[in-house]
Amino acid sequence: MRDRNFLPKVVLASLLLVTPHLHAATWEYKSTDDPMTDEPIYEAVILSDNQVDVSFNRKATLSVITRFHPRNGWNIEFTIDNDQISCLGSCSVTIRLDNEKATNHSIEKVFNVKGSVYRVRNNAEKVAEGMFRAKKILVELEIFEQGAQLFRFETNTFDYGLFPHKPGEKEKR
């Protein structure tokens, strides 16, 4: 079946190539059912507005994945093209939301089929709450052979209609 949103995505992608910093990063939403509970798993993903230099004259974009799982709670995860985050075991990420003070968060590398994922170890629900209300998100990570690199997200309004579980809410069981 043909994707009815294909043409608008192609047009948007073309505009972004011409004017890469004149758009707001858009949250993309997905939900699937947890087979053990038949309750929804909610996921929201946003891509950085900018790319940074990584090894071998390549550029990379950062993805932030925010997930609520009915049994496991909140997760904030980071992925980058070509697995270029410089982190062995446990390390940190610095996050600044709007004009608030930047905060450091411990992250750890976890593996999945698609490559490496780096997950916030503590306070994921609080980080999610801040990201959902922020208009500007800055994320600084250590990149292999490049040092600390800054990723920018000029975000649009988070849509709780598409991600109905709000941080801080008591779980509905």
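Which residues does L141 touch, not counting residues up to four places away in sequence?

1. **The surroundings of L141.** In this predicted model, L141 touches L62, I85, S92, V93, I107, G147, A148, Q149 and F151, with residues up to four places away in sequence left out of the count. L141 is also one of the residues that touch the most other members of the largest nonpolar core, together with L62, F78, I95, I137 and V139. That core holds 37 residues. Helix 2, residues 124-133, gives the most to this core, with five residues.

2. **Overall architecture.** The chain contains two helices and eleven strands. Read from the N terminus, the order of elements is α-β-β-β-β-β-β-β-β-β-α-β-β. Of its 173 residues, 38% count as buried. Among the contacts with a separation of 6 or more, 52% are between residues 24 or more positions apart.

3. **Confidence.** The mean pLDDT of the chain is 79, and 79% of the residues reach 70 or more. Over residues 1-22 the pLDDT is below 50, and this stretch has five contacts in the model beyond near neighbours in sequence. Among the elements of the chain, the lowest mean pLDDT, 38, belongs to helix 1 (residues 6-18), and the highest, 94, to strand 1.

4. Strand 1 (residues 28-33) and strand 2 (residues 40-47) run antiparallel and are joined by six bridges. Within this pairing, S31 stands opposite Y42 of strand 2. The hairpin of these two strands has six residues between the strands, and D38 takes a positive phi near 60° there. Strand 2 also pairs with strand 5 (residues 62-69), again in the antiparallel sense and over six bridges. In that pairing, E43 stands opposite R67 of strand 5.

5. **Strands 10 and 11.** Strand 10 (residues 136-143) pairs with strand 11 (residues 147-154) in the antiparallel sense over eight bridges. K136 has E154 in strand 11 as its bridge partner. Three residues lie between the strands of this hairpin, in which E145 takes a positive phi near 60°.

6. **A buried asparagine in a loop.** N50 is placed in the loop between strand 2 and strand 3 (52-54). Its relative accessibility is 9%, so N50 counts as buried, the cut-off being under 20%. The side chain of N50 reaches the backbone oxygen of L150 at 2.9 Å.

7. **The D34 and R71 salt bridge.** Side chains of opposite charge can pair when their charged atoms come close. The whole structure contains eight salt bridges. In one of them, the side chains of D34 and R71 meet at 2.7 Å, N to O. Because D34 lies in the loop between strand 1 and strand 2, and R71 in the loop between strand 5 and strand 6 (73-80), the pair ties together parts that are 37 residues apart in sequence. D34 is buried, with a relative accessible area of 2%, whereas R71 is partly exposed at 45% relative accessibility.

8. **The R119 and E77 salt bridge.** The side chains of R119 and E77 meet in a salt bridge of 2.5 Å, N to O. This pair links distant parts of the chain, with R119 in strand 9 (residues 115-120) and E77 in strand 6, 42 residues apart. R119 is partly exposed, with a relative accessible area of 25%, while E77 is buried, with a relative accessible area of 4%.

9. **The R133 and E100 salt bridge.** A salt bridge of 2.9 Å, N to O, brings together the side chains of R133 and E100. The two belong to distant parts of the chain, 33 residues apart: R133 is in helix 2, and E100 is in the loop between strand 7 (90-97) and strand 8 (103-112). R133 is partly exposed, with a relative accessible area of 45%, and E100 is partly exposed, with a relative accessible area of 35%.

10. Salt bridges that share partners join K30, E43, R67, E77 and R119 into one network. Among its members, E43 and R67 stand opposite each other in the pairing of strand 2 with strand 5.

Technical notes
Residues numbered from 1 in each chain as written. Predicted model: local features only at pLDDT ≥ 70, side-chain atom pairs only at ≥ 80, totals over all residues. Heavy atoms only, no water. Pairing = 2+ DSSP bridges. Helix = DSSP H or I, 4+ residues; strand = E, 2+ residues; numbered from the N terminus. pLDDT = per-residue confidence, 0-100. Contact = heavy atoms within 4.5 Å. Core = buried A, V, L, I, M, F, W, Y, C linked by side-chain atoms within 4.5 Å. Buried < 20%, exposed > 50% of the residue type's maximum accessible area, 1.4 Å probe, protein only. Polar contact = N/O pair within 3.5 Å; in protein donor to acceptor, adjacent residues only side chain to side chain. Salt bridge = Lys/Arg side-chain N within 4 Å of Asp/Glu carboxyl O.
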